[in-house]
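User: I'd like to learn how to read cores and salt bridges in a protein model. Can you take me through one?

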Amino acid sequence: MADLHFVHAGIGDQAVPYQDAWDEQRRVHAAVVAGELPDTCLLLEHPPVYTAGRRTEDAERPVDGTPVVDVDRGGKITWHGPGQLVGYPIVRLTEPVDVVAHVRRLEEALIRACAEFGLETTRIEGRSGVWVLGDPVPAPAPSGGLKLRLDARIAAPDPRAHPEFDPRLAGPEYAPSNAGQRGDDRKLAAIGVRVSRKVTMHGFALNCDPDMTWYDRIIPCGIRDAGVSSLSEELGRPVPVAEVLPVVQRHMAEVFAPLGV
């Protein structure tokens, strides 16, 4: 994996229409595949748009007929728009191709960035993205309740001995999926990717200070038993995209840097 090159494609008044960004992704992807460009991450903001991944069901789409752009990434329906930092890392994966490790790197960079702003976030078992856990409920969990099923690189007696161990990914363990032991978990960042010819497309969307009512028309990511949130809502102050972008970029560069650098 080579050093990641960053392109600030446009935020604020220069927000990039979704179709234009998708076209640019495909252009950069072809160039990375051909070896004409280095691994590249587009960082930008979109005007309001709903996009639907391949697994989106009809019942999860807007009930009022609001247009939706169907895309070739994984995952389900989500929203992009003002107040949300979007990143499209277009990177060549090493052999053997490990898409899960790529998603974990994205999560790790965002978790670190949120921590820098003073917000603790985590992963949740079985759910991609970056989450703020709901408060524990008073009732105890049932006897013999949920257990963590950790990645082998973490669950090994000595994770560092695992041949695929990457020390940059030794962040928070997965929290167990919520089965009533917490209040509503809240998704702060959504992740959906596609890999073609060993090179990734699409990426992440981190809510900084968007108008959260845009999520009211859909079932975000197809998840009915959790909510969505933003840095601004969780921290109780405005956290604009322009403030978050350099922090995310720095942590992306660290997590995606070649090992040993």
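Predicted model: local features only at pLDDT ≥ 70, side-chain atom pairs only at ≥ 80, totals over all residues.

User: Which residues touch the most other members of the largest nonpolar core?

Analyst: In soluble globular proteins, nonpolar side chains tend to be buried together. A nonpolar core is a set of buried Ala, Val, Leu, Ile, Met, Phe, Trp, Tyr and Cys residues joined through side-chain atoms within 4.5 Å. Buried means under 20% relative accessible area, exposed over 50%, partly exposed in between (1.4 Å probe, protein chains only). Here the largest core has 35 residues. Leu 85, Phe 204, Leu 206, Leu 231, Val 244, Val 248 and Met 252 touch the most other members. Elements that each supply at least two of its residues include α2 (99–116), β11 (199–207) and α5 (241–255). Helices (H or I, at least four residues) and strands (E, at least two) are DSSP runs, numbered from the N terminus.

User: What does Leu 85 touch?

Analyst: Contact means heavy atoms within 4.5 Å. Leaving out residues up to four places away in sequence, Leu 85 touches Leu 44, Phe 204, Ala 205, Leu 206, Cys 208, Val 241, Val 244, Leu 245 and Val 248. There is also a second, separate core of 17 residues, with Val 16, Trp 22, Val 28 and Ala 205 among them.

User: How many salt bridges are there?

Analyst: Side chains of opposite charge can pair when their charged atoms come close. The criterion is a side-chain nitrogen of Lys or Arg within 4 Å of a carboxyl oxygen of Asp or Glu. Searching the whole structure gives 15. One of them joins Lys 76 to Glu 60, at 2.9 Å from N to O. That pair links distant parts of the chain, 16 residues apart.

User: Are Lys 76 and Glu 60 buried or exposed?

Analyst: Lys 76 counts as buried because its relative accessibility is 13%. Glu 60 is buried too, at 2%. Compare the bridge between Arg 61 and Asp 58, with closest N and O atoms 4.0 Å apart. Arg 61 is partly exposed at 22%, and Asp 58 is exposed at 68%.

User: Where do Glu 107 and Arg 123 lie?

Analyst: Their side chains meet in a salt bridge of 2.8 Å, N to O. Glu 107 lies in helix α2 and Arg 123 in strand β7 (residues 122–124), so the pair ties together parts 16 residues apart in sequence. Both Glu 107 and Arg 123 are buried. Shared partners join Glu 107, Glu 108, Arg 112, Arg 123 and Glu 254 into one salt-bridge network.

Technical notes: Residues numbered from 1 in each chain as written. Heavy atoms only, no water.
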